[in-house]
Amino acid sequence: MSNFTPPNFIKAISGDYRIPIKPIFLEAWYRVKGMKASFWLGFLYFILVMAAACLVLGLILALYDVFILPLASVHNVASFHNIKLGLKFIFVAGVEVLRFLFTASLAYMALQHLRNQPIHASLVFSFRQAWRPLVIIALLLYLFNSFIISSTNILLHSALFKQQIAYLGSGLGSIFLLAIFLICFFLYFYLSILVYMMVLLILDQKISSKQSLGLAFQSVNQHWFKNIGLIVVTSMVFGLLALMTLGIGLIWLLPMTSLVTAIQYNQIFCEGNL
C-alpha cells in the first residue's frame, strides 16, 4: 500500500485505532435517535423484496413438481430429483445473496447517519452502486458457509469420527468437540467482520474488492481480538435484551446493530475518535 494509500488507511493498517466496546455501544444508542424511521421503512422494503423473491422461487419449484416431475420414468426419477435439489440450492443462494445485499446497505445507511448525512429508506438499495463485486462476495460467502456446514455434518456423522471420539473417552472427546466448536465460532465472527468491512470500503471508498480485502485483512488483524470481541458482545447483549423485552427492544436494537458495524468501520478506516 504505499504512496497512494490515504492517511486514514495507513492509520488502519498500522493498527493506530481503538475499539472501545462501551463507548461504541453508548454512541450507537445516542445515534439511533433520528434513524429509526428511515431504517424501518428501508427494512420493510427489504422484507417485501425478500417475500416476493421467496414467493416467485417457491412457485417455480411448485410448477416443477406439478409439470416436470410427473414426466420422470423409473430409470430417470433420481435425475429429476437431483435437478430439483440443484434448483433448491440455487434458489437458496439467490435468497441469501439478496439478504446479504440488503443487510450491507443497512450498514451503509447507518454509516451515512453517523456522518450526519441525510438518510432515507431508499438507501437500502445502495448495493446497486457496486452490485457486481457485492454479489460475488455474497455468493462466495454462501458457498463457504454451505461447505463448512456440509463438512461438519459429514464429519460428525461419520463412523470413523465417532470411533475416534470413543477412543479419546468422554472427557477428551468433549474437549475435542468444544475445540471444534470454538474454531468454527471464531471463524464465523472473524469472517463476518472481514466481509462487512470489505463491503463498507467498497460502498464508501469506491475501491475494488481486491483492495478492500487487503485493507480489511491487514487492518482487522491489527486488533483481531478486540474486533471479534465487539461483535461477540454485541450479539450476546443485543440477543439477551431482545429476549428480555419480548422482542419490543428490536425497534432500537436492529438499527443499533447496523450502527455498531458503522462505528467499528469509522474507528478503523476513518476519523473515529472514541
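1. Helix H6 gives the most to the lining of the largest pocket, with 11 residues. Helices (H or I, at least four residues) and strands (E, at least two) are DSSP runs, numbered from the N terminus. A pocket, worked out on a 1 Å grid over the protein atoms alone, is an open set of points with protein on both sides within 12 Å along at least five of seven lines; a 1.4 Å probe that fits but cannot get out marks a cavity instead, and lining residues have an atom within 4 Å of a point.

2. The model is predicted: local features need pLDDT of at least 70, side-chain atom pairs count only at pLDDT 80 or more, and totals for chains, interfaces and linings use all residues. Residues are numbered from 1 along each chain as its sequence is written, and side-chain values use heavy atoms, with hydrogens and water left out.

3. The protein has 9 helices and 0 strands. Its C-alpha atoms fill a box of roughly 65 × 50 × 50 Å along the principal axes. Of the 274 residues, 41% are buried; buried means under 20% relative accessible area, exposed over 50%, and partly exposed in between (1.4 Å probe, protein chains only). Among contacts (heavy atoms within 4.5 Å) with a separation of 6 or more, 77% join residues 24 or more positions apart.

4. The largest pocket holds about 1,300 Å³ of space. Such a volume is the space filled by probe spheres set on the grid points, which are joined across faces, edges and corners. The lining has 45 residues, and Arg99, Thr103, Tyr188, Ser192 and Tyr196 lie nearest the centre of the pocket. Two or more lining residues come from each of H3 (36–68), H4 (77–114), H5 (131–157), H6 (159–205), H8 (224–244) and H9 (250–269).

5. By residue class, the lining of the largest pocket has 30 nonpolar, 13 polar and 2 charged residues. Here Ala, Val, Leu, Ile, Met, Phe, Trp, Tyr, Cys and Pro count as nonpolar, Asp, Glu, Lys and Arg as charged, and the others, Gly among them, as polar.

6. The second largest pocket holds about 200 Å³. Its lining consists of Ile137, Leu140, Leu141, Phe144, Leu191, Leu194, Val195, Met198 and Leu213. H5 and H6 are the elements that give two or more residues to this lining, which divides into 9 nonpolar, no polar and no charged residues.

7. Asp204 belongs to helix H6. Asp204 counts as buried because its relative accessible area is 14%. Leaving out residues up to four places away in sequence, Asp204 touches Tyr108, Leu111, Arg115, Tyr265 and Cys270. The side chain of Asp204 also makes a polar contact with the side chain of Gln205 (3.1 Å). A polar contact is a pair of N or O atoms within 3.5 Å; within protein, one must be able to donate a hydrogen and the other to accept it, and residues adjacent in sequence count only if both atoms are side-chain atoms.

8. Cys270 is buried, at a relative accessible area of 9%. The side chain of Lys11 reaches the backbone oxygen of Cys270 at 3.2 Å. Lys11 lies in helix H1 (residues 7–13). Beyond four places in sequence, Lys11 touches Asp16, Tyr17, Gln267, Cys270 and Gly272.

9. Cys54 is partly exposed, with 41% relative accessibility. The structure holds 0 disulfides, a disulfide being a pair of cysteine sulfur atoms within 2.5 Å.
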